[in-house]
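Visitor: I'm new to this one. Could you take me through a single part of it, slowly?

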Amino acid sequence: QTLPMNDQLYKAFGEKPGLVTLMDDFMTRLLADPRTGPHFKPANQQQVKEQLVEQFCALGGGPCVYKGADMKTAHAELDIKKSDFHALVEVLQLSMDARGIPFRQQNEMLALLAPMHRDVITVR
Ligand code: HEM
């Protein structure tokens with residue numbers, strides 16, 4: 001990253017309040033979806049939502065430092081397949097659409113998340 005970090009992406013997500021609302025909606029959908037629900041039901045959902053807010057804030061160039069577990073550690077004990085990862089991305093897109101986040105910024109965020117598949121997918 002040689003370009004100076006700007007907070008345009010963070011702003012497009014509605015800053016902290018927008019991210020909190022987004023993650024509330026996201027978790028509701030993750031729990032309701034038969035593909036992702038079984039993973040998230042036993043989790044500390046409030047904790048995951050809070051960490052996702054911090055992580056997306058930091059990724060978007062906002063004034064946050066993500067202090068949660070690294071992606072490998074956070075998902076190490078979970079049986080996550082490639083199809084689970086794609087399901088979560090699909091659900092995230094529904095949430096971003098519902099929040100009215102422009103397509104361009106949705107894709108920017110997805111591009112930052114995509115490389116994490118290496119650490120998140122534990123079943124190959
Ligand atoms: C790019 C994709 C993903 C990102 C950015 C992400 C991000 C996170 C974050 C920030 C946490 C919280 C870590 C902490 O508490 O310190 C977390 C936990 C968790 N994630 Fe993910 N995640 C992704 C993909 C997935 C997928 C595909 C699944 C399953 C379908 C999943 C299931 C979970 C579960 C169940 C927890 C809670 C684990 C626990 O109870 O300790 N994640 N994730």
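Visitor: How do the axes of helix H2 and helix H4 cross, and within what distance do they come?

Guide: Happy to. This is a predicted model, where local features need pLDDT of at least 70, side-chain atom pairs count only at pLDDT 80 or more, and totals for chains, interfaces and linings use all residues. Residues are numbered from 1 along each chain as its sequence is written.

Now the pair: the axes of H2 (residues 15-32) and H4 (residues 45-59) cross at roughly 135 degrees and come within 9 Å. Axes here are lines fitted to C-alpha atoms, for helices over the stretch in contact, with angles from 0 to 180 degrees between N-to-C directions. Helices are DSSP runs (H or I, at least four residues), numbered from the N terminus. That angle makes H2 oblique to H4; under 35 degrees would be roughly parallel, over 145 roughly antiparallel, 65 to 115 roughly perpendicular, and the rest is oblique.

Who does the touching? On the H2 side, Lys-16, Leu-19, Val-20, Met-23, Asp-24 and Met-27 make the contact, and on the H4 side Gln-45, Lys-49, Leu-52, Val-53, Phe-56 and Cys-57 (contact puts C-beta atoms, placed from the backbone, within 7 Å).

After H4 comes Gly-61, with a positive phi near 85 degrees.

Over in H2 sits Glu-15, partly exposed with 15 other C-beta atoms within 10 Å. Though not a glycine, Glu-15 has a positive phi of about 55 degrees.

Key
Helices (H or I, at least four residues) and strands (E, at least two) are DSSP runs, numbered from the N terminus. Two residues are in contact if their C-beta atoms, placed from the backbone, lie within 7 Å. A residue is buried if 20 or more other C-beta atoms lie within 10 Å of its own, exposed if 12 or fewer, and partly exposed in between; C-beta atoms are placed from the backbone.
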